[in-house]
Structures are given as structure tokens and as C-alpha cells.
Amino acid sequence: MAQPDCKKIFFENLSGAGKAIAVLTSGGDAQGMNAAVRAVVRMGIYVGAKVYFIREGYQGMVDGGDNIKEASWESVSSMLQVGGTVIGSARCKEFRTHEGRLKAAHNLVQRGITNLCVIGGDGSLTGANLFREEWSGLLGELVEQGLIDSDASQKYSALHIVGMVGSIDNDFCGTDMTIGTDSALHRIIEVVDAIMTTAQSHQRTFVLEVMGRHCGYLALVSALACGADWVLIPEMPPEDGWEKKMCQKLSANRAGMKRLNIIIVAEGAIDRNNKPITTDYVKNLVVKCLGFDTRVTILGHVQRGGTPSAFDRILASRMGVEAVLALLETTANTPACVVSLCGNQSVRLPLMECVQMTQEVQKAMDEKKFEDAVKLRGRSFENNLKTYKLLAHRKPESELPSSNFNVAVLNVGAPAAGMNAAVRSAVRVGISEGHKMFAVNDGFEGFYKGQIKEIKWADVGGWTGQGGSLLGTKRTLPAKHVDKIAEQMRKHNINALLIIGGFEAVECLLQLYDARATYEEFCIPMCMLPATISNNVPGTDLSIGADTALNAIVETCDRIKQSASGTKRRVFIIETMGGYCGYLASVGGLAAGADAAYIYEEPFDIRDLQANVEHLTEKMKTSIQRGLVLRNENSNENYTTDFIYQLYTEEGKGVFDCRKNVLGHMQQGGAPSPFDRNFGTKISAKAMQWISKKLVETFRQGRVFANTEDSCCLLGMRRRALVFQPVVQLKEETDFVHRIPQEQWWLKLRPLMKILAKYKTSYDVSDSGQLEHVVRNRSKESDASAAM
């Protein structure tokens, strides 16, 4: 398949020939570790290095023998979708001793290993750094003991360490997300969604304990994702007297016709005196004070189990490749680094700077400096906490500011999971800001027909976990009905608009901007949030709904591949949605371990198809039993899914047979993923705050008047930040014929998918992370925070 031009090609710049890389997983397991191991092994082999597994973590390094084995390409097949870590993980007391590390050094030198990729938590990474610092001294001792000669000591004089953080708690400072966190959130939300149905039936209160001994991230984000009534976390213990306030809130919610209450407790939750708050204590409190039927559910190790989410597979694959790059670029003076995620970008940070900041969080909690602890966790954590408080705790009417502004919110285009979470957030933040919120049903079609009504705080209760669009959404554009829409805006005195939708929403906003010249009713602040499974909106790297669709694709591909287990060799041709945008096919292919993904953005011809068939045939003969090929629905008008299926069937005769599957609208349905719930919630809250600011700025002589470009914006995620961009300025970077941005960041991931599928291809390393330094409130710290 044709390749985009790349600035650097591995074999010319970063050869791994003669190098040996070892990969190990240590400490607690986390979903996605296998994807990281797979990426390290295949990328290492791709650049010409020898790659070794170290089984059972540091214990295997100390014990040596069969625990340290050379890895082959085939040895990491079929592990992408497996949870936990297939190479094993163990806590090793012996490695904490000097004698244990001496044995480990001897075992590595015997195999010529001087590059270590460690996947684990802060304890595992701290141990790796100590090992690196002692390395030269350990080699000296081995020479003295006659276990190695001086030539070996000189040849292997430097040990290079690169870390990847695998931890479901997301408790490591310096990265927005650790490997396993998103999957753990999936497990929690699956349980909470299931519990909510039975709780509603019996009008029960449920107290749920989630993991997080020292970090409340899982509790906080799951509370945001399910709209929990109360959350207890170690970083910000509740104020004294919280028991009374919590019971008052639960009682008020029941009085407001809510049939259930959800309280989420982190296992490390404490009060202001550092005294543990247990689930039983909370349950007994609710029963005693309110008499509610209350049950406790402790999720426990369910959160660690199961298959990794699409996000974790992609994150781990990107980090694994970046780790190999970092090892190839290290010198004797390069400090041990950790590969991190900042917004949507990979970065490298000095390992010990991250470890020290992580330890500072615990120190702040021990010293009861809870505000400092929240700040040290990073701006992402801080924003999550602020957003939760804003949405969960309604101020009394008397305390609300009175703005006298009316704000309308509507959905446009095809439904996308997460839209309802965004609407809920907008309504509640708007009410908190003192605005009167109006809901428009059925997009602009409903707007011109007058389907507009005020929406209250309680009206959006329980919306976060609902799929589709509860407001209703249509693809109707406003241009033909602009006069009637202006009339409805006058009638309801609408002072600002929040539009949540896909590519059609961009077109709608541009038409309303043009209508300002004729109708002053549109001279108001207008903001758009990208929400489409296709992820084809200009001005943003990610859209609400795309993550849910990716998970649907990946789960289906896993099941389809499993259906062929035990049968003869088989290739599956899968068609995905996306219009002309190849995001779902490409990124879904990376997450599902596809052998090829055909998209419109990367033209292909019959020679490319033939080359792919031959490549897959060769792999089928030697190693794999199942192949996976994805095709975007509009990738080519002639090379249809049927054509590709028939071609593979004919050319694969005698080697493999074929099956095809068109995924269709199942990609658009289902409950939103934790990522989409939180992305929708957080960017919607930010958009409403922007609207409030613009309303104040543009209010003159008793009315709102906004006609500048920067008062009609799209809020999108660009690399490391959430950015408000005037839609007029986005016209130049948009292909309106094919409804896609002219530049798309994820195209740089396509060579990665091909490398991991054993293709010889070029890989652009111009975007690879450079070593940076941890700055307080910076990387975990970016507004984007991977939208989590």
C-alpha cells in the first residue's frame, strides 16, 4: 500500500543491529501490558535488535535460566486482546538486596542485554533506576569474582532504562493516563450501569468500593462517568460534618423523584484526620440517618481483569514503539526515562523526576496538605474534581448568580455516544452560571418548527450513561430555514448557542455565521463541540463518540477472530463506517491487530491488494492462523468490500479461506465508553464557561451583540491542549467535498500498524517525544489530559 512521505526512515537513522533489548512486567498487572510487550518485541525485531522476554518480572531476572528467553515475532501473536501479562509479573524481595541485583546483572551480561524496557508502577521503575545507577559497580564485582572478564565489563559498561507505566490506579505523576486505567474504568462502569438498573427497581442506595489505595482517580472519574451522588477519595477528604451533608443530598435527590443513589468510595478514602472511611461505615450511616435500603458492592480484582479497551491497546502500542525508539537514542549520559502521554502526544520524561513528584503527593496527604496533593496530581485530576463538584452539587437558588441570559443547546448530525453526557454537563454548568437553559429537539429541523423548551437541572439526571441522542438529532442544515430560526430565537430571546454534532455541525455554524449579515439574531456567542463516530471534524484530534465506536469495532473483531479458533487458516474482511474518513479503520486496525486497513486518504490499487494478499499468504504458511483486514466504507468506489473479499478468496486458495462482515450501525449504538462520557462532560463544561465569558464581554446597552470571528468557535483537542478555534478559519483546512480535514494526525499511526503486522515500511520519527522535564501543572497537567 502507498506510504506517506516520511522525514526519517529507521534503517538509515536508528538501527538496532547488535543491540539486545529485554522487556519485563513488574508489580501489579494491568490490561494493555501485553499490547506494550508485543509492540516492544516487534519494533525491536523490526529495527534489527535481539529482544528478550524476562518472565516473572525482577524475580525472573534474578533467577535467570529459562526465565530470560529470546522472543520471536510469532511469540507475541494473539496476545493483543489478552488481559493481564502473559510473561508474568511478581514482586521480588531478592531484587531489593544488593546480592539479588548482582545476580540479575550477571544474568543480563551473559546474554549481552544492556537495554531494559520495564513496564510497571513507581516501585518497579524506582528499582530499575537504582539498578542502572549501580550497574558499573555490579560489573566490577562480577569481574572480581571471576564471573565475567574485563572485556565484557567494558563492552556492556552502560545499562539503559526506559519505563512504561502499567497501573490501573493512574497514580503516576507525569503522564495523563497509565496503561490499564481506561480498561479498569470500563470494568467499573459496566458494573455501575448494571447495578443502577436493579437499584432503580428497588429504590436502593448502593455504596461501591473501587481500587485506589493512594489515588482516587478511578473513583473520581467513574463518579463523573455515572453521575454518582457522592464520591470519597484520599486526595481531598470531605470537610468535617460531611456525613450530614451527604445524607441531606441523598434525601433531596429521593425527594426529587430519583429512585436510586450511588456512592463511590476509593479503597484509600480518608477523612480530614487521616482516618479511613470504609464502605460499611458509609452504609451504616445511610441506614441509620435515612433508613434507605442500602447495599455494599466491592469491585476488587474485577477491575484488573478482562480484555483491554481500545484506548489501552493503542496507548500501549504507541508507548512500546516509543520505548524502543528511546532506547535506540540513549547514550551513556542519558538519564532513565519514562514514556508518557501528554494530551494526545507521546513525551519522554526523566523517570526519577516523575517518581519524586508521585512520592510528594503521598507526603502532602500524610501532612494533611490536601489542596497541595490535588495540585500535585496534575491539572487533569484537579479539573476532574472541579467538574464533578460543579455537576453533582447543585447550589440553592438563592446562591446562584442571576445572568438573565438564555442559552440553547441542540444536537446536529448522526447520533454519537457521549452526546447526552455533553448535554447534561452544558445544562448543569449553565444553570450554575445563572443562565436559563433551553433544549432544542431534532436539531435545526426542530429549531425552525419551534420544538424548544426550557430544561431544568433534574431533567438531565441519569443522562450520562445513555447512548444515542435523547434530544433527538437531524442532519437538516439551517440555511433554507434561517428566517424561521431567527424568528424562534427572537421569540425565546436566545442569547447563545451550543451545538453538539459532527461535520454537519461545522456546516451549520458556518451558515449561521454568514447569516449574521442579514439577521442580528445570530450575532451571539456560538460554540460547537465535535461529536461523531467518524472523527472527521476539522480542528480537533478527537470527537465525542469515536472511542465508543472503536471499542465496538475492536470487541467485534476479537469475537470474529475467536470464531475461527480451532479451524483452518482464515482471513476476515471487515467493513467499518466513517464516510471518507479512515480513522475507525486505521485506529481500529491498530487496536485489533489487523494485517491491513484500506482507507480513502491513502490511495491503493490492484498491485497493493496483490502485495497484501501475498504478504498474508506467506504469514499464513509460516505462523499465524487468522488474518484480519479492515476496509473503510468509502475507501474506493471500485475496490468494494465484496471485490476485496473475492480477491482474497481466489488468491488464498489452498492456503486460507475468507469471510466478510459489514459492521454497520452497531458502531453507532450502545452505551458510551468512560472516555466519551468524560470527554463530553469536560469539554461541554469548558464550552459553557467560554459562553458565559463571551456573554459578559458582548453585553452592551441592554443586549448581546457578537459579530466577530472569535465569537463563533469550535472547541477541539489539538495535541496537548483544548483550543477554541473560529470556524471561519477552519474552512481552509477542510475538504468539504469528502467531509474530512485536509491533515489528520492519526495517519502517522498507520506505519505503526504495518510494522506490527510485519510489513517493511518507513516510519516517521519526526514526532517522537524528546526528553523533557516534569513541570508542576504541566504534563498531566495539560487541559487536554487525553480528555480523561
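This is a predicted model: local features need pLDDT of at least 70, side-chain atom pairs count only at pLDDT 80 or more; totals for chains, interfaces and linings use all residues.
Is Asn 535 buried or exposed? Asn 535 is buried, with a relative accessible area of 3%.

## The chain as a whole

The protein chain contains 25 helices and 27 strands. Its radius of gyration is 27 Å, close to the 28 Å that the globule rule gives for 788 residues, so the chain is as compact as a globular protein of that length. Along the principal axes, the C-alpha atoms fill a box of roughly 90 × 70 × 50 Å. Of the 788 residues, 62% are buried. If you look at contacts with a separation of 6 or more, 80% of them join residues 24 or more positions apart.

In soluble globular proteins, nonpolar side chains tend to be buried together. Here, the largest nonpolar core has 188 residues, and Met 164, Leu 497 and Leu 498 have the most contacts inside it. Helix 11 supplies the largest share of this core, 12 residues. Take Leu 498 as an example: leaving out residues up to four places away in sequence, Leu 498 touches a list of partners including Ala 408, Val 409, Leu 410, Cys 527, Leu 529 and Met 688. Another core lies apart from the largest one and has 41 residues, among them Leu 24, Ile 68, Leu 142 and Leu 159.

## Helix 8 and its surroundings

Among the buried residues are Tyr 217, Leu 220, Ser 222 and Cys 226. What do the buried residues of helix 8 pack against? Their partners are helix 7 (181–202), strand 6 (205–210), strand 7 (230–232), strand 8 (261–266), helix 14 (379–392) and helix 23 (674–698). Just after helix 8 comes Gly 227, with a positive phi of about 70°.

## From strand 8 to helix 10

The loop between strand 8 and helix 10 holds Ile 270. At 13% relative accessibility, Ile 270 counts as buried, because the cut-off for that class is under 20%. Ile 270 and Leu 232 are 38 residues apart in sequence, yet their C-alpha atoms are 7.8 Å apart in space. Not counting residues up to four places away in sequence, Ile 270 touches Pro 234, Pro 237, Pro 238, Lys 275, Pro 276, Ile 277 and Phe 370.

Thr 279 is in helix 10, which covers residues 279–290. Thr 279 counts as buried at 4% relative accessibility. Leaving aside neighbours within four places in sequence, Thr 279 is in contact with Val 207, Leu 208, Glu 209, Val 265, Val 296 and Ile 298.

Rolling a probe the size of a water molecule over the atoms shows where empty space is left. The structure holds 1 cavity of 30 Å³ or more.

| Space | Volume | Lining residues | Lining by class |
|---|---|---|---|
| Largest cavity | about 220 Å³ | 19 residues | 14 nonpolar, 3 polar, 2 charged |
| Largest pocket | about 1,300 Å³ | 46 residues | 21 nonpolar, 12 polar, 13 charged |

In the largest cavity, the lining residues nearest the centre are Phe 311, Ile 314, Asn 344, Leu 542 and Tyr 583. Helix 11 (310–329), helix 19 (546–563) and helix 20 (583–592) are the elements that give two or more residues to this lining. Helix 11 gives the most, with 4 residues.

For the largest pocket, Ala 228, Asp 229, Lys 249, Asn 253 and Ala 392 are the lining residues nearest the centre. Two or more residues each come from helix 7, strand 7, helix 9 (242–255), helix 14 and helix 15 (419–432). Helix 9 gives the most to this lining, with 6 residues.

Asn 535 has a positive phi of about 55° although it is not a glycine. Ser 78 is not a glycine either, and has a positive phi of about 60°. Ser 78 is found in the loop between strand 3 (68–70) and helix 4 (98–110). With a relative accessible area of 47%, Ser 78 is partly exposed, whereas Asn 535 is buried.

How values were computed: Residues are numbered from 1 along each chain as its sequence is written. Side-chain values use heavy atoms; hydrogens and water are left out. Buried means under 20% relative accessible area, exposed over 50%, partly exposed in between (1.4 Å probe, protein chains only). Contact means heavy atoms within 4.5 Å. On a 1 Å grid over the protein atoms alone, a cavity is a set of points where a 1.4 Å probe fits but cannot get out, and a pocket is an open set with protein on both sides within 12 Å along at least five of seven lines; lining residues have an atom within 4 Å of a point. Grid points are joined across faces, edges and corners, and a volume is the space filled by probe spheres set on the points. Ala, Val, Leu, Ile, Met, Phe, Trp, Tyr, Cys and Pro count as nonpolar, Asp, Glu, Lys and Arg as charged, and the others, Gly among them, as polar. A nonpolar core is a set of buried Ala, Val, Leu, Ile, Met, Phe, Trp, Tyr and Cys residues joined through side-chain atoms within 4.5 Å. The radius of gyration is taken over C-alpha atoms; the globule rule is 2.2 Å times the number of residues to the power 0.38.
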